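Open the model in your viewer and keep the sequence alongside. The stops below are given in the order in which to select them.

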Amino acid sequence: MSLPPQLEKLIRKTPIEGLARKILRKAGFDIIRAPIPEVGILSNYDINLILDVGANIGQYAMRKRSLSYTGKIVSFEPISSVFAELTKNAASDPRWQTVNTGLGNYDGEAEINISQWSVFSSILNSLPVLEEYPESKYVSQEKIKVSKLDSIFSEYYQPGDRVFLKIDTQGYEKNVLEGAKSSLKYITGIQLELSFITELYEGELLLMEMVELLSKQGFTLVFLEPLNHNLISGKLLQGDGIFVRLN
C-alpha cells in the first residue's frame with residue numbers, strides 16, 4: 001500500500017525513516033515512492049529481470065514498457081498460435097525474450113484447454129462459476145511443453161539480477177511455484193492472480209491459502225488490485241496481488 005505523498009515526504013525527511021519503514025513493513029506495508037504502485041515496486045527494489053509466466057500475447061510486458069521499465073523481460077507462453085503473436089509483439093525489443101513453454105511442477109508435456117478468449121486458457125478444468133463469462137468456454141485442446149522454473153532458471157538469471165516473477169496461469173499458480181523451490185531464493189517479488197471467495201479452476205488456491213504459502217517462503221503481500229467484480233451478485237472474484245521480500 002502506498003502512503004499519501006505528504007506523509008511519505010515527512011518520513012523521508014525525518015531521522016526516524018528507518019524505524020518508520022521497519023514498523024510499516026512489519027505490518028505488511030511499504031513506502032512506495034511512485035504514483036503507480038507497480039512502478040514503485042519495480043524501481044524501489046531495483047528489479048532488472050521480469051519473468052513473465054503465462055504471457056499470452058505480451059500485454060503485461062507491453063504495459064511495463066509503457067511505464068518506463070527498461071530491464072530484461074522473459075515471457076513464457078505455451079499455446080502455439082498465441083506464442084506466434086507474442087513473438088511478433090516482442091520482435092523489435094532486444095531486451096524482451098519469448099519462450100514457447102508453460103511452467104509447472106514437472107518437466108514434460110500437458111494438454112491445455114484453450115478458451116474462446118485465450119486469456120482464460122488453462123491446464124486445469126474450469127468450474128461452473130466461470131459460466132458467467134461466455135468467452136471463457138473451452139473450445140479446443142493442445143499438447144504443450146511444460147518446464148519447471150528450477151530446470152531453466154539459470155538460462156535467464158545472472159548473479160546479481162533482481163528478479164520479479166509474474167504468474168498468470170489461470171489457477172495453475174501453485175504448480176508453477178512448486179516447480180520453483182530452488183529459484184525462489186533468488187526472486188525479490190512475485191505478482192499473481194488471486195481468487196477471493198471461490199475457485200474458478202479445479203484445484204487452485206484461494207487468496208488466504210496463497211498468502212500463507214508465500215509467507216512461508218519469505219514473501220509479504222504489499223499490494224492488491226481488484227480484477228473481476230460481479231456487479232449482479234456483488235461478489236469480488238479475483239484480484240492481482242504483489243508479494244515482495246521485505247527484509
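The tour goes from a pocket to one residue and then to a helix.

This is a predicted model, in which local features need pLDDT of at least 70 and side-chain atom pairs count only at pLDDT 80 or more, while totals for chains, interfaces and linings use all residues. Residues are numbered from 1 along each chain as its sequence is written, and side-chain values use heavy atoms, with hydrogens and water left out.

Select Gly54, Lys166, Asp168, Gln170 and Glu193: of the 43 residues lining the largest pocket, these are the closest to its centre. The volume of this pocket is about 880 Å³. (On a 1 Å grid over the protein atoms alone, a pocket is an open set of points where a 1.4 Å probe fits, with protein on both sides within 12 Å along at least five of seven lines; lining residues have an atom within 4 Å of a point. The volume is the space filled by probe spheres set on the points, which are joined across faces, edges and corners.)

Next, select Gln191, found in strand 8 (strands are DSSP E runs of at least two residues, helices H or I runs of at least four, numbered from the N terminus). Gln191 is buried at 9% relative accessible area (buried means under 20%, with a 1.4 Å probe and protein chains only). Show its side chain with that of Tyr60: a polar contact of 3.2 Å joins the two (N or O atoms within 3.5 Å, one able to donate a hydrogen and the other to accept it; residues adjacent in sequence count only if both atoms are side-chain atoms).

Finish at helix 8, residues 207-215, where Leu207, Met210 and Leu214 are buried. Viewed down the axis of helix 8, the buried residues fall within an arc of 70 degrees, so they line one face of the helix (the arc is taken from the directions from the helix axis to the C-beta atoms).

Key: Buried < 20%, exposed > 50% of the residue type's maximum accessible area, 1.4 Å probe, protein only.
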